[in-house]
Amino acid sequence: MAQSLELLLIQFLMPDNDARRQAEEQIRRLAKDPQVVPALVHHLRTAKTPNVRQLAAVLLRKKITGHWAKLPPNLKHSVKSALIESITLDHSPLVRRASANVVSVIAKYAVPAGEWPDLLPFLFQCSQSSEEGHREVALILFSSLTETIGPTFQSHLVDLQPILLKCLQDESSTRVRVAALKAVGAFIEFINDGADVVKLFRDFIPSILNVSRQCLANGEEDVASIAFEIFDELIESPAPLLGDSVRSIVQFSLDVCSSQALDLNIRHQAIQIISWLAKFKSSFLKKHKLVVPILQVMCPLLTETASGDGGDEESDLAADRAAAEVIDTMAINIPRHVFGPVLEFASLSFRNVNPKYREASVTALGVVSEGCYELMKDKLEDVLFIVLGALKDQEQMVRGAASFALGQFAEHLQPEILSHYKSVLPCILDALEDPSDEVKEKSYYALAAFCEDMGEDIFPYIDPLMGRLVTCLQGSPRNLQETCMSAIGSVAAAAEQAFIPYAEKVLEMMKSFMVLTNDEDLRARARATELVGIVAMAVGRTRMEPILPPFIEAALSGFALDFSELREYTHGFFSNIAEILDDGFTQYLPHVVPLVFSSCNLDDGSAVDIDDSDSVDNGFGGVSSDDDDTNDEPRVRNISVRTGVLDEKAAATQAIGLFAFHTKNAFAPYLEESLKILVRHSGYFHEDVRLQAIIALKHILTAIRAIPDNMDVSEKQKEVLDSVLNIYIKTMTEDDDKEVVAQACMSVADIVKDSGYAAIEPYMPRLVEATLTLLHEESSCQQLESDYDAEDGDVDHDEVLMDAVSDLLPAFAKVMGSNFNALFVKLFDPLMRFAKAARPPQDRTMVVACLAEVAQEMGAPISAYIDRIMPLVLKELGSSDATNRRNAAFCAGEICKNGSTAALKYYGDVLRALYPLFGESEPDDAVKDNAAGAVARMIMVQPQSIPLNQVLPVFLKALPLKEDHEESMTVYSCISNLLLSSNPQILPLVPDVVHIFAQVVVSPVECDEVKSKIGMAVSHLVSVYGQQMQPILGALPPAHANALAAFASKR
C-alpha cells in the first residue's frame, strides 16, 4: 500500500482537477483499511517534499480515530514515536503543526487509557527547548490538547503556568508569544473556581497586557487581537478569573479603542470587551469606579464617524456605533451610575461649536433612555430642552440625531413623555418638512413611537398629521413611505374611532401597495399589510368586515413571493383581523393556519462554521472525512442565524396563540400540531420566539377548555394543562431571559386563578419551589456575577421579572384561601428580603403590594405575620414615592381588616401615618383614595377602636374618590353601614354624606352595585329621618337629586 499511496498523495497535489478527484476517490477507498495508518506514517517521515508530508499528516488526523483501537501495541508505539520525531525534527513548520494535530487526536484515546505516559513530559521539555520551532509547536500542542484531554491538565497547571508565563515574555520570538497567548486562552475553558487555580490565571493578565502593548507598538495588531479573545473568555468564564486586573484590562481596552491610528477591527474588539464587562460584570465596573472613565471615552467616541469607504462592514465596526452599544448596555445594567455622567456630557456638548459633539449629545440621551428611563423621567424637562433645541439645529446630522432621540423617548419614557405633547408634537410636525430625507425618516419614526399611546390627546392633531402623512405617501421615496405608514398606524392606534374619517382613504391607498411584486417594493408591501390590520383594529368589526375580502386575498397572495418580512407582517395582519372578527375569523382558519405552521417549521438558516484548520488553511479541502466516519468531531466555532426568519417565526408563533384564543373550539382541528410547535418553540434558542410560545401556550389552553366537554376532551384538557404547566415551571428556573420567565410567571398566575385549586394542586410543590428559586434570585436568568456580588444598597429594581414573580403569591392565595398559609410560611422570609432598607423603593413597594393581596385572599392567618409587616407598612406610608404610599395604605387596610385582634395595637400608629395622606400636602389622588379605603376597612372591622368623631370628618373630606375606583365598594359600603346602623358619630355629618353620595350616583365611572348600596342607605335615611332629609335633598342640584332618588327607590 505504501508505494501506491505515495503516488496518490503526489497526484492529489497536482493542479489538474480530474487527477485530484481520481486520487481522492482512491485515497478514500484505501483509507478504510487499518494499514493506511503505518503507510501514512511512513510518508510523513520519509517523503521528500513538505507538501506530501503535510498531506500525509492531514489524512492521518482524519483517519486515525476510526483505526486506532484496532492497531496492535507495537504499531501504536511506532506511530507515536514517528509523530514525536516529526514534531521535533521536521524542518517545515506546517508539517510540525499538522503532526501536532494528529498527536492531539491520538491523545484523546491514549492518555486516559495510560498508553502515552511520556507525552506530557515530552511537551514540557519541548516547551523549554532553545529552538524556537520546538517551543512554538509544544505550545500549539498544549492548545489543541485542551480540546481532547483538557481535564487531564488540571493537575499539571502549577508546573505549566511558569512555562507559559516565560513564553509569553519571549522577546526573541513573536511566534512563541502568539502560541503562548493561544495556549493560555485554550486553558481557560477547563479552569475550576479553586482559589489556587484562579490565582495562577490572574497572574497571566499583566504579561498578556505587556505582550499586547508591545505588539501594538510594533504594528502586530493580530497578536493583540488574540489577547482580546482571551479577555473575552475570562469575562465569560464561570470561574472568577478577572480579579483586580479588570482595571488594567479596561484601561488597555480604552487606550486601544480611542486610538484612531489603529485598525477598526482591533478597536472594535477593544470596545467589545468593555461591552461584555458592562453586560456580564457590571458590578466590577461599579466596584472599581470604572463607569465614569469608560463613559469619558465612550461619549466622545460618538463624535467619530466612519469614512464611508468601507461599506456596510466598516459601518458595523465604526467606533461611534460600537460606543453607542456600550453606553446602551451600561445604561440597561447599571442605570444609576450611567445617567448622571451622560446627562453631564450632553449638557456640556449640546452647545459645542463642533456639530459632531452636538449630535453626540442628543445621541447619548437617546441611547440611555431605555436603561435609565426611571431617572430620565425625573429630568425630562432638562432632557427635552436639549433634544427639542437640537431638532432645530442648522446641521442635518444633529437634527437627525434629535429625531432619533425623540423616538427613543417616546418608546421608553411612557407615560410621562406624553404629558409634554404640546411642546413635542409641533416640533416633530416641523421636522416632517425637513429638507433632508434622513431627518424626515427619523421624524416619522419619532412620530410613530410618540403617537401610539396618546389616546384622546391626539384628537386635535389628527387632521394636520394625516394631511402631512397622506401627502408623504403619495409622492415620497419608498423608505419614507414605509416609515410614514408606520406613523399612520400609530395615529390610528391612538385615535381609534376618531380615525374613521381617514380610514377609507388610507385603506384605498394601501390596496396599491399590497399588490406590489418587485423585490425592492416588498418591504413597503409588508408595511402596508401591517397598516391595514392596525386600521381594522381602530375602526372595528362593523365597518371593516364587509370590505375585508380584497385585503385578505392580497395578504394571502403575498406568501407566494418568498419574502420573510412580508410573511412576518402578514402573520401580524391576520392576528389583528382575528382579534376584531373573533369567532368570525373561523372561515379563514383553513387558509391561514397552514401558512403559520409553514413559517414555524422553516429552517432557521443556521450557518455553522467548522474549525478545520488543516483542510481550510492548507488547501486540502478535498480530503474530507468519509460519510460514515462519524468519530472525527470537529469543533463548532460559530452559529449565525438569519434574523428575518427568526422574526417571522416569532410572528407566526404569536399568531397561533391569537387564532386559538379568538376562535376557541373552532380551532380544535389545529390544536395538536399547534401544541407540538409551541412545545418546541418554548425551548427555542432565541428569546423572542420563546416569549411568543410562552404566551401562546396559555391561549391554547383557553381554546381546548372551550371545546364542549366529554370524557375524551376532559382527558385532553388535563394533558394540555400538564404540558403547559411543566413547560412554565421549567422556564421559571432554567430560561436565561427575564422577560420570558416573567411571562411564564404571569401565565402561571392566570392559569392558577382560572383553573382552581383542584386542577393545580398536583403542581403546587414544584410551583412553590420555582417561586422560591426566583425569590432567592437563583434562577438561570438571575445568576449573579461570580467574581463579585453586588453590595447592599447598589441594586436596581428588577421591574420586568420580580413584579411578575410577586404576583404568583396572591394567585396561590386566591385559590387556596387560608390553606395558603402552609406554603406562605416558606415564601415569607425570601419575599421580605426585598423589603430591606437597602433595597430600592420599587422593591419595597412590590413587597407591600404583594402582602396586601395575600392578606386579602388568605384572610385570618396573616395575623401571624403582623409584627413583621406593620413596621414596613408604617415606614412606607411616609415614603417620598406616591406608588409606595398608595400600596402601603392599601396594605394597612387589608392587614387591619384580616389581622383581627393582632392588628389592634397598631391602629393608633396606622391612623397617625394615614392622616397626612388626607391633607392638602398629598398631591396624589390615588394615594388619598387608598388611604380612605384603609380607614374604611378599619372602621368596618373594629369601629369601637376608631375615634370616629375625629376620623370621620377627615375621612369624608377626601370623598368622593377621584382615581382608584376599586376602593369604591369598600369606602361607600363603610359609610352606608354606619348610616344603616344609625351610628351616632355619622348622623351629624349626613348633609356631607348626601352631597358625596349624589356625586357618586351621577358618576359614569362608578358601577351600579356601588350606586345601589348608596341607594339603600339613602332610602333608610328618608324612611327614618324623612322631614329632616327634605331640606338636605332639596339643596342638591336637580340632576343629582333625581339620580339619588332613582337609586333609593330601587331598594
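pLDDT is the predictor's confidence in each residue, from 0 to 100, and contact means heavy atoms within 4.5 Å. This is a predicted model in which local features need pLDDT of at least 70 and side-chain atom pairs count only at pLDDT 80 or more, while totals for chains, interfaces and linings use all residues. Residues are numbered from 1 along each chain as its sequence is written, and side-chain values use heavy atoms, with hydrogens and water left out.

**Exercise 1. State the confidence of the model and find where pLDDT stays under 50.**

Step 1. The protein has a mean pLDDT of 86, and 91% of its residues reach 70 or more.

Step 2. Over residues 308-313 pLDDT stays under 50, and the model has two contacts beyond four places in sequence for them.

Step 3. Where pLDDT is low, the predicted coordinates should not be read in detail.

**Exercise 2. Describe the packing of helices H50 and H52.**

Step 1. Helices (H or I, at least four residues) are DSSP runs, numbered from the N terminus. H50 covers residues 925-941 and H52 covers residues 968-980.

Step 2. Axes are lines fitted to C-alpha atoms over the stretch in contact, and angles run from 0 to 180 degrees between N-to-C directions. The H50 and H52 axes are 8 Å apart, at an angle of about 40°.

Step 3. H50 is therefore oblique to H52; angles under 35 degrees count as roughly parallel, over 145 as roughly antiparallel, 65 to 115 as roughly perpendicular and the rest as oblique.

Step 4. On the H50 side, the contact is made by Ala932, Gly933, Ala936, Arg937, Ile939 and Met940. H52 contributes Thr970, Val971, Cys974, Asn977 and Leu978.

Step 5. By class, the contact of H50 with H52 has seven nonpolar, three polar and one charged residues. Ala, Val, Leu, Ile, Met, Phe, Trp, Tyr, Cys and Pro count as nonpolar, Asp, Glu, Lys and Arg as charged, and the others, Gly among them, as polar.

**Exercise 3. Locate the cis peptide bonds at Pro415 and Pro960, and the positive phi of Glu496.**

Step 1. Most residues other than glycine have a negative phi, and most peptide bonds are trans.

Step 2. Gln414 and Pro415 are joined by a cis peptide bond with omega about 0°. Pro415 sits in the loop between helix H24 (396-412) and helix H25 (421-431).

Step 3. The Leu959 to Pro960 bond is cis, with omega near 0°. Pro960 is in the loop between helix H51 (948-957) and H52.

Step 4. Glu496, not a glycine, has a positive phi of about 50°. Its place is the loop between helix H28 (478-495) and helix H29 (500-513).

Key:
Helix = DSSP H or I, 4+ residues; strand = E, 2+ residues; numbered from the N terminus.
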